[in-house]
2 protein chains.
Amino acid sequence: MVRLTTSFGAVALLAFAAIPANAETPDRDEILGTVVEQRGATVQALRDWIALPTIAAEKRNTTEGAEYMRKLALDAGFKHAEIIPTDGVPGVFATLDAGADTTLGIYFMYDVKQYDPAEWSSPPLEGRLVDRPGEGQAIMGRGAVNQKGPQTAFLAAIKAIQASGRKLPVNLVLVAEGEEEVASTNFHQVVAVPQVREALSKTIGVFIPSAAQSKDGSANITLGAKGAIEFQLVVGGETSDKYPKTDIHSSNHARIESPVWRLVKALDTLVADDGHTPAIDGWFENVRPLTERQKELIAQGAKLNPESEVKALLGVGRWIDDEPYVTSLERLVSQPTVNIQGLVAGYMGPGGKTVLPGRAEAKLEFRLVPAMTKDEAVSKLKAHLTKRGFDDVQVTISGGYGPNETEEDSTLIRAQKKLFEQSGIPYSITPRSAGSWPGVIFNGAPLNLPASQFGLSRGGGAHAPNEWFLIESSDPKVNGIDGATMAYVDYLYVVAEEAESAAD
Amino acid sequence: MVRLTTSFGAVALLAFAAIPANAETPDRDEILGTVVEQRGATVQALRDWIALPTIAAEKRNTTEGAEYMRKLALDAGFKHAEIIPTDGVPGVFATLDAGADTTLGIYFMYDVKQYDPAEWSSPPLEGRLVDRPGEGQAIMGRGAVNQKGPQTAFLAAIKAIQASGRKLPVNLVLVAEGEEEVASTNFHQVVAVPQVREALSKTIGVFIPSAAQSKDGSANITLGAKGAIEFQLVVGGETSDKYPKTDIHSSNHARIESPVWRLVKALDTLVADDGHTPAIDGWFENVRPLTERQKELIAQGAKLNPESEVKALLGVGRWIDDEPYVTSLERLVSQPTVNIQGLVAGYMGPGGKTVLPGRAEAKLEFRLVPAMTKDEAVSKLKAHLTKRGFDDVQVTISGGYGPNETEEDSTLIRAQKKLFEQSGIPYSITPRSAGSWPGVIFNGAPLNLPASQFGLSRGGGAHAPNEWFLIESSDPKVNGIDGATMAYVDYLYVVAEEAESAAD
């Protein structure tokens with residue numbers, strides 16, 4: 001949902017000289033040759049996938065998208081691939097047994113965000129190649145970077161290894177969902193299916209492809225992410241006969257209760273008078289403070305992102321409580337939030353209109369930090385409102401999940417560091433993204449697996465018009481689709497090596 | 001603004017047998033003959049006026065509307081008529097000295113509410129005659145009932161008296177505004193002009209034409225109205241650099257203040273935790289309790305409007321605090337309110353969206369009762385917010401005025417009662433409308449004049465599509481435009497009589 005916003009603020013750049021020392025992948029040149037040979041087919045595969053948008057919020061192409069995902073897995077060499085039904089959009093589960101000692105999990109999403117073609121400079125389903133001045137040639141289309149581009153590069157990587165006559169260095173377990181853009185409402189059901197859970201339990205961890213390469217060629221490692229829960233509070237004629245069923249003349253407020261005031265009163269109890277500290281009963285019970293290492297990474301990151309630039313980008317002059325920059329970054333990483341995304345009630349045009357609204361809605365979202373959980377947060381919210389008598393305030397949880405975190409010395413993270421170091425790629429470490437992705441589904445009980453992002457490619461415009469993914473890069477330090485594909489090839493070999501050395 | 005909603009709830013019907021005893025207007029048949037003769041011209045005059053909509057909110061036809069109003073006054077026999085500039089839309093001031101002992105004030109509005117032609121069954125500016133099943137023939141157009149129809153009937157009445165060779169029984173002072181639909185923002189400036197104020201100060205009171213006849217032919221007398229002030233509270237990047245200038249990614253709420261929470265915190269202080277009792281410092285200081293007579297009128301009204309029907313009409317099952325019906329009606333008449341008309345912030349579409357809004361707005365309105373004033377209410381609101389440190393909450397007063405009230409034994413009201421009794425027209429008395437009109441401009445200092453509504457005609461759809469005004473009535477107890485015109489003729493004579501008897 002918001003995974004592509006991980007790197008603002010809290011990063012630490014460990015600089016390396018740009019030595020052209022490549023990864024130690026066996027027969028790397030041969031595999032690279034195959035990748036280059038396949039490039040036309042890879043770009044066409046991405047274009048074809050963009051042409052079939054699955055949009056869960058619109059119930060669009062959900063069956064077709066799942067079947068297409070299953071076919072993509074089989075085409076890439078997965079031996080087994082099946083559709084896993086859920087209460088919502090189905091998931092896909094696939095395995096590839098390469099006879100290796102190590103098994104790696106991969107998480108895909110086959111859905112995309114909604115889009116309005118009128119806002120695009122190129123038709124969002126056509127995947128046209130466009131010039132991106134100063135960067136090269138990019139494919140433009142909905143899903144290009146989030147997530148069809150990086151995922152297509154990953155599939156191209158395993159195809160290329162196999163096409164060059166080698167076995168994969170790791171076995172693969174793929175789980176894909178079609179509801180990522182609606183907060184992964186039913187994805188836990190996919191992972192709860194016994195054969196899926198069993199297959200995943202044999203992996204050393206699960207990674208999600210990403211496109212985290214910066215314009216200067218540097219990479220980023222993220223050690224976790226906050227959880228997010230989106231929900232709505234509604235009060236009105238639909239929740240109690242104290243309130244009118246529709247907007248009525250405002251003079252009646254003298255004798256009829258207002259759902260808007262009731263919503264304001266309920267909201268008011270959720271944060272302290274400072275306007276930001278969550279005030280839900282017991283909210284901080286399981287909040288873990290930052291470690292010294294996390295603080296160190298935050299302080300390093302602060303040096304790389306000048307405060308004035310970050311403030312200008314965000315359009316603010318001050319941080320909460322006028323705190324210094326590093327404190328504000330520690331907040332960003334460490335504090336759970338209760339945010340109002342939007343308010344909807346009564347007359348919303350210019351000026352005023354004399355109505356007593358029949359309905360009031362607040363759209364909210366929690367961000368959770370370790371060791372809070374989704375169930376804990378939801379039940380604390382409900383208990384808090386019930387205790388205060390807000391039985392006429394309807395709570396609708398539209399989706400969400402808890403936080404995730406992965407140890408810096410886990411195999412998945414060590415492999416990333418090693419690959420970047422071998423390849424001479426400068427990288428930074430984000431201790432925890434303030435944005436969210438559903439890594440907790442692997443990271444939490446019962447699987448308790450490391451879960452991280454990996455990918456060395458570049459794109460932008462996720463959730464926005466003119467989404468793009470770099471195909472041909474004009475800068476040798478930045479990957480186009482061939483480099484993105486080779487990064488996955490290299491990663492699989494390094495993961496295998498690191499897993500074996502850890503097993504020694 | 002909301003004057004046409006006066007009669008729901010608090011009315012008392014003093015029933016009379018429907019004796020066809022007409023008012024004691026001299027040469028009444030002769031004047032009636034002239035009214036009937038003029039009817040075609042009167043309907044055409046109304047149609048022409050409807051074709052020229054003045055809409056202050058859209059700055060549409062403001063100069064033209066004022067000039068047209070001036071011309072209408074001169075055409076109707078006013079000897080002097082001039083445009084009075086204001087900081088907004090100009091007013092019109094006109095006088096007609098008939099050499100009478102008594103001078104009567106009249107208030108007109110020449111502006112109309114906005115409209116969307118797509119919602120109308122007949123073009124809103126064409127004033128077509130349409131059948132109204134069970135009622136007769138009506139003219140349909142924006143302004144038909146609010147207020148061009150009743151005002152045209154009044155002008156036709158004074159034309160008919162003069163055309164039949166008689167002098168008017170009273171002298172007239174007309175004041176008109178073109179901003180009634182935007183809460184009479186500058187009308188006080190019209191009345192403050194020395195020659196206007198002096199002319200008004202010689203009147204026995206000011207009345208506003210209305211169309212208050214019910215379908216059963218009964219009439220209504222209203223002894224006052226609540227005041228209304230519309231205002232907006234805004235918080236965001238435009239009011240403080242603590243807040244972002246636009247909507248930004250919601251994860252930033254961990255380090256950046258939310259204008260929405262700030263608005264919620266400010267709103268929360270304005271009403272008590274019961275969700276309806278105003279909690280602004282000193283709010284009830286000048287609130288006068290109901291008199292025994294007002295309570296008596298309310299109790300009489302309750303009998304005429306069955307509670308179940310009123311609840312069904314409003315779409316509610318309960319009154320505030322589950323109070324009994326009569327108590328709820330006493331509240332409606334006696335309690336000042338702080339109402340939220342609407343909320344606007346951040347994402348307002350279906351479901352949620354992970355944004356921290358850059359702006360939050362609440363649209364509110366006060367309803368004021370005697371002896372509260374507009375200035376008092378506005379300064380108490382501002383002092384209340386300032387005392388609590390809400391300097392970043394911007395208050396915009398978009399318009400409003402205080403309450404008005406007129407004694408039941410004033411000449412204007414006695415004349416209405418006498419006319420209804422002479423004519424055998426059943427009528428009810430509303431002690432105070434919970435809706436609002438700017439009568440306080442005459443009613444309050446320095447003029448301190450009685451101010452009331454009068455008119456015996458029928459229409460509907462004010463502020464809504466398909467606004468109409470009855471021209472030909474199929475029920476002899478209900479007035480079409482001739483009856484409406486004759487009611488003004490009769491009223492002027494009864495006012496003159498009552499004023500003279502009061503002077504004796």
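**Note on the chain A–chain B interface**

1. B:Lys265 makes a salt bridge with A:Asp273, with the closest N and O atoms 3.2 Å apart. The term covers a side-chain nitrogen of Lys or Arg within 4 Å of a carboxyl oxygen of Asp or Glu. A:Asp273 sits in the loop between α6 and α7 (292-304) of chain A and B:Lys265 in helix α6 (residues 259-268) of chain B, so the pair joins two chains. Helices (H or I, at least four residues) and strands (E, at least two) are DSSP runs, numbered from the N terminus.

2. On conventions: this is a predicted model, where local features need pLDDT of at least 70, side-chain atom pairs count only at pLDDT 80 or more, and totals for chains, interfaces and linings use all residues. Residues are numbered from 1 along each chain as its sequence is written, chains are lettered from A and ligands numbered from 1 in the order in which they are written, and side-chain values use heavy atoms, with hydrogens and water left out.

3. Salt bridges and polar contacts. The rule finds 6 salt bridges across the interface of chain A and chain B. Over all chains, the whole structure has 74. Across the interface there are also 40 residue pairs in polar contact, both residues at pLDDT 80 or more. A polar contact is a pair of N or O atoms within 3.5 Å; within protein, one must be able to donate a hydrogen and the other to accept it, and residues adjacent in sequence count only if both atoms are side-chain atoms.

4. Which elements build the chain A side? Those giving two or more residues include β11 (227-236), α6 (259-268), α9 (325-334), β13 (337-346) and β15 (359-368) of chain A. The largest share, 10 residues, comes from β13(A). By class, this side has 35 nonpolar, 24 polar and 18 charged residues. Here Ala, Val, Leu, Ile, Met, Phe, Trp, Tyr, Cys and Pro count as nonpolar, Asp, Glu, Lys and Arg as charged, and the others, Gly among them, as polar.

5. β13(A) and strand β13 (residues 337-346) of chain B pair in the antiparallel sense over 5 bridges. Pairing requires that DSSP finds at least two bridges between the strands. A:Gly346 stands opposite B:Gly342 in β13(B).

6. Extent of the contact. Chain A contributes 77 residues and chain B 76, contact meaning heavy atoms within 4.5 Å. The two chains bury about 6,400 Å² between them, 57% of it on carbon and sulfur atoms. Buried area is the accessible area (1.4 Å probe) that two parts lose on being put together, summed over both. In chain A, A:Arg255, A:Trp261 and A:Leu343 lose the most area to chain B, together 14% of what that side buries.

7. Symmetry. A rotation of 180 degrees with 0.1 Å of shift along its axis superposes chain A on chain B, RMSD 0.1 Å. The copies are thus related as by a two-fold rotation axis. The same surface serves both: 99% of the contact residues of chain A recur in chain B. Superposition is by least squares on the C-alpha atoms of residues with pLDDT of at least 70 in both.

8. Backbone points to check. A cis peptide bond joins A:Asn146 and A:Gln147, with omega about 15 degrees. A:Gln147 lies in helix α3 (residues 144-163) of chain A. A:Asp27 has a positive phi of about 50 degrees, though not a glycine.
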